[in-house]
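Here is a short report on one protein chain. Look at the sequence and the fold, then read on.

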Amino acid sequence: VTPANQIIGIHSTVALPNLVVDNSSGQAPKALQTTMPLTVTDSLEIDAGASYDANGLELTLEGDLIATGNFIASGNTTFFSGNREQQIIGSAEFWNLTKDQSNTLVIRDDLDVLNDLRLISGTFDDDGNTLHAQGDVWMDATHIYGASGDGISFDGDRLQVLRSPSGTAYFGKISINNAGGVDSVAVSVPQGNDIHIKQALQMEKGIFDIGKNLLVLEENAEI
């Protein structure tokens, strides 16, 4: 019988094909990543009542993250690096999230990124959910807005910086909901980073400072 609140250490020098934190026992186990980065080539599944703690170590997922339980980043970077469509199921909370391949990443629930968000390749599909970005954002993926929710919402409690490594960022919908600093600037865009918005720019709180950059609102886009 699995003891209550058992901690299971994960230390692997090779990629794992699939990882399930199983709570069929009802004893709320926790999987704890130890010592080194980990790659999972298929899905990471966290059952309701169970936990996965990345322990501040890099975690690379090439399949889905199914987090009906608790995903604990502990200050880590989680990479979504698959070569096919990937999904995030469950309202996970990340520290740093990086998408670095040409595939599509779909979120099936709202999620939070507390520090750096890097969507630097491929397609990001919000499926009508909200990605709450609370830190800086690097955007070179194409954002598909699912017609509901706030799209990618900048809602940190400090100045956030938006950059595009290629020089042009494409969004479906951006929401600005950050009171900003003493000058009320919520989001700042350094020079050389143009912003294209297809569906909507939602200004709730704070200043969106695009500087000398080009802001393009496509036909039928709303503010």
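## A charge over a ring

The charged end of Arg-118 sits over the ring of Trp-138, 3.7 Å from its centre. A charge sits over a ring if NZ of Lys or CZ of Arg is within 6 Å of the ring centre and within 35 degrees of the ring normal. This is a predicted model: local features need pLDDT of at least 70, side-chain atom pairs count only at pLDDT 80 or more, and totals for chains, interfaces and linings use all residues. Residues are numbered from 1 along each chain as its sequence is written, and side-chain values use heavy atoms, with hydrogens and water left out.

Where is Arg-118 found? Arg-118 belongs to strand 16 (residues 117-119). Strands (E, at least two residues) and helices (H or I, at least four) are DSSP runs, numbered from the N terminus. Arg-118 counts as partly exposed, at 30% relative accessibility. The classes are buried, under 20% relative accessible area; exposed, over 50%; and partly exposed, in between (1.4 Å probe, protein chains only). Leaving aside residues up to four places away in sequence, Arg-118 touches Leu-97, Thr-98, Lys-99 and Trp-138. Contact means heavy atoms within 4.5 Å. Gly-49 is elsewhere: Arg-118 and Gly-49 are 69 residues apart in sequence and 29 Å apart in space, C-alpha to C-alpha.

Two strands pair if DSSP finds at least two bridges between them.

Thr-60 has Phe-79 in strand 10 as its bridge partner.

Another open sheet has four strands, in the order 1-3-6-9, with parallel pairing. Its edge strands are strand 1 (7-10) and strand 9 (70-72), and each pairs on one side only. The twist here averages 15° from one strand to the next.

Three bridges pair strand 6 (residues 51-53) with strand 9 in the parallel sense. Which residue stands opposite Tyr-52 in strand 9? That residue is Phe-71.

## Aromatic pairs

The structure holds three aromatic pairs. Rings of Phe, Tyr and Trp (its six-membered ring) pair if their centres lie within 6.5 Å; planes under 30 degrees apart count as stacked, over 60 as edge-to-face and the rest as tilted. Tyr-52 and Phe-71 make a stacked pair, 6.3 Å centre to centre with 0° between the planes. This pair links distant parts of the chain: Tyr-52 is in strand 6 and Phe-71 in strand 9, 19 residues apart. Tyr-52 is buried, with a relative accessible area of 0%. Phe-71 also counts as buried, at 5% relative accessibility.

Phe-80 and Phe-94 form an edge-to-face pair, 6.0 Å centre to centre with 75° between the planes. Phe-80 in strand 10 and Phe-94 in strand 12 (residues 93-94) are 14 residues apart, and the pair links distant parts of the chain. Tyr-52, Phe-71, Phe-80 and Phe-94 form one aromatic cluster.

## Loops

Most residues other than glycine have a negative phi. Thr-35 has a positive phi, near 75°. Thr-35 lies in the loop between strand 3 (30-33) and strand 4 (38-40). Thr-35 is exposed, with a relative accessible area of 61%. Asp-127 also has a positive phi, of about 50°, and is not a glycine. Its place is in the loop between strand 17 (123-125) and strand 18 (131-133). Asp-127 is partly exposed, at 37% relative accessible area.

Gly-192 occupies the loop between strand 24 (185-188) and strand 25 (194-205). Gly-192 touches Gly-167 and Asn-213, not counting residues up to four places away in sequence. Gly-192 and Ala-67 are 125 residues apart in sequence and 37 Å apart in space, C-alpha to C-alpha.

Definitions and conventions: Axes are lines fitted to C-alpha atoms, for helices over the stretch in contact, and angles run from 0 to 180 degrees between N-to-C directions.
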